[in-house]
Structure formats: C-alpha cells, structure tokens
Amino acid sequence: QLKADERTCDVPIIFISALEDMKDKVKAFHIGGVDYITKPFQAEEILARVETHLTLRNMQKRLQEQNTQLQQEIADRERTAEALRTSEAELRALFVAIPDVILVLDEAGRYLKIAPTSPELLYKPASAVVGKTLHEIYPSVDAERFLAVIRQSLNTQQMVNIEYTLPIRGQDLWFEGRVTPMSSNTVLFVARDITSRKQMEEDLIQAKIEADRAN
C-alpha cells in the first residue's frame, strides 16, 4: 500500500521480524523493502541502518535533482562544470559521514570511484583498484557473483541485496551489500561489515543446539 501511494512510494521500508526463513526475506525485498532485520536485534543496529538508508535516499534525491539541473544547463559549459565540481564536493562530504564501504562501478564491473570511508574494510587499497575490473581484483567466482548483482540492478533499475564474505587483514569478514542504479550503466555499491551480527547469530544457533541436547 505504501509503494502504491505516490506520497510514500519512495520512503525506504525496513522490515523487523522474528521470521528468519529465506522465503520471508525474499518476499520482503520483492514487495519493496530495502532492509530486513531479524529478531533479536540491537537498538544501535536499527538506528545505524535507518541512518544509512536515509542518507542513501537523500543522496539519490540529490543526484536526481542535480542530474535534472545539469541537463537544463548543458548549453552553458562553465556553469555545468561548476555544478559538477559542487556535486562532487557534496557527495564527498556525504560519503565521509557514512561508516560503510561505498563504491561506484559500471556495467562491466569496473571501479570508477571509491569513497574515502572505512579504508580498513577494502579488499585492496583504493589506489590499486580504481580503473580495474572485478575480474582483475577478485577470484573468478567472486567476481562473477558481484558482476551478476550489478547487472541485475541495472537491468531492473532497482536495489539488489547481497551477503558475502571476504578475507580482510587475515580474517574472513561478512558483508551486507546493497547495489543501487545511479544511471543506465553505473551503480552505487554500499557494503556494511556484519561480521559481529553473523557471529551472534551463529552463537545463538549453537546455544540452542546445546540447550536441545541438554533437554
């Protein structure tokens, strides 16, 4: 109903539910949800996710507004150049405020930009990957998986979610990624470290198994 109403159709919707089945999560995202938090949860996690989605939504609105403005002013090269410089400065300021890994890639999986946020969570330093493709950086299986998500997002012009692990600083970290189309051939890839949450989920499962054995 929210998505059917033009007054609320662009409001990011986050589901909080005790339902943990993958079908429930897929259904939530299929009908327009941008996130899905399973119980039990931490208040800090919810606040952080809400902040991230609101920031991303504001970024998307800014990009849409700036794109419209640039199209109207395309005849004036100097004003267009100034608008681009201002846009880049604003985006950098927004990126710095977000504690996630933020990437801009094209349809070929080529790194176009890497925001200066959480460099310790990058698979490789930004200077070593900008201008290169996913296949030049990751093992083939990982590269193909990331590229498939990027192309799915571009083909549908919708956000696509993905969970994955990467070896960072000698440790396997879990990430929750959201791929959002920025244009017809570029996407915004935002990744959050969810290793602690995954560990907590595993601990809960193990505790339940031990409790069942005790009973």
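Asp10 is partly exposed, with a relative accessible area of 46%; buried means under 20% relative accessible area, exposed over 50%, and partly exposed in between, with a 1.4 Å probe and protein chains only. The model is predicted, so local features need pLDDT of at least 70 and side-chain atom pairs count only at pLDDT 80 or more, while totals for chains, interfaces and linings use all residues. Residues are numbered from 1 along each chain as its sequence is written, and side-chain values use heavy atoms, leaving out hydrogens and water.

**Salt bridges**

- Side chains of opposite charge can pair when their charged atoms come close.
- A salt bridge is defined as a side-chain nitrogen of Lys or Arg within 4 Å of a carboxyl oxygen of Asp or Glu, and the whole structure holds 13 salt bridges.
- Asp10 forms a salt bridge with Arg57, at 3.3 Å from N to O.
- Arg57 lies in helix H2 and Asp10 in the segment before strand S1 (14–17), so this pair ties together parts that are 47 residues apart in sequence.
- Helices (H or I, at least four residues) and strands (E, at least two) are DSSP runs, numbered from the N terminus.
- Arg57 is buried, with a relative accessible area of 17%.
- In another salt bridge, the closest N and O atoms of Glu163 and Lys198 are 2.9 Å apart.
- Because Glu163 lies in strand S5 and Lys198 in helix H6, this pair ties together parts that are 35 residues apart in sequence.
- Glu163 is partly exposed at 26% relative accessible area, whereas Lys198 is buried at 16%.
- Arg178 and Glu176 meet through their side chains in a salt bridge of 3.0 Å, N to O, and both residues are buried.
- A network of salt bridges links several residues, among them Glu163, Glu176, Arg178 and Lys198.

**Aromatic rings**

- Rings of Phe, Tyr and Trp (its six-membered ring) pair if their centres lie within 6.5 Å; planes under 30 degrees apart count as stacked, over 60 as edge-to-face and the rest as tilted.
- The count by this rule is seven aromatic pairs.
- Tyr164 and Phe189 form an edge-to-face pair, with 6.3 Å from centre to centre and 75° between the planes.
- Tyr164 lies in strand S5 (residues 160–168) and Phe189 in strand S7 (residues 186–193), so the pair ties together parts that are 25 residues apart in sequence.
- Tyr164 is buried at 7% relative accessible area, and Phe189 is buried at 5%.
- One aromatic cluster includes Tyr123, Tyr138, Tyr164 and Phe189.
- Lys198 lies over the face of Trp174, at 4.6 Å from the ring centre; a charge sits over a ring if NZ of Lys or CZ of Arg is within 6 Å of the ring centre and within 35 degrees of the ring normal.

**The sheet**

- An open sheet is formed by five strands in the order S4-S3-S7-S6-S5, with antiparallel pairing; two strands pair if DSSP finds at least two bridges between them.
- Strand S4 (111–114) and S5 are the edge strands, each pairing on one side only.
- Strand S3 (residues 101–106) and S7 run antiparallel and are joined by six bridges.
- Leu105 has Val187 in S7 as its bridge partner.

**Two buried helix residues**

- Ala28 belongs to helix H1 (residues 22–30) and is buried, with a relative accessible area of 3%.
- Leaving aside neighbours within four places in sequence, Ala28 is in contact with Phe15, Gly33 and Tyr36, where contact means heavy atoms within 4.5 Å.
- Thr52, in helix H2 (residues 43–72), is buried at 8% relative accessible area.
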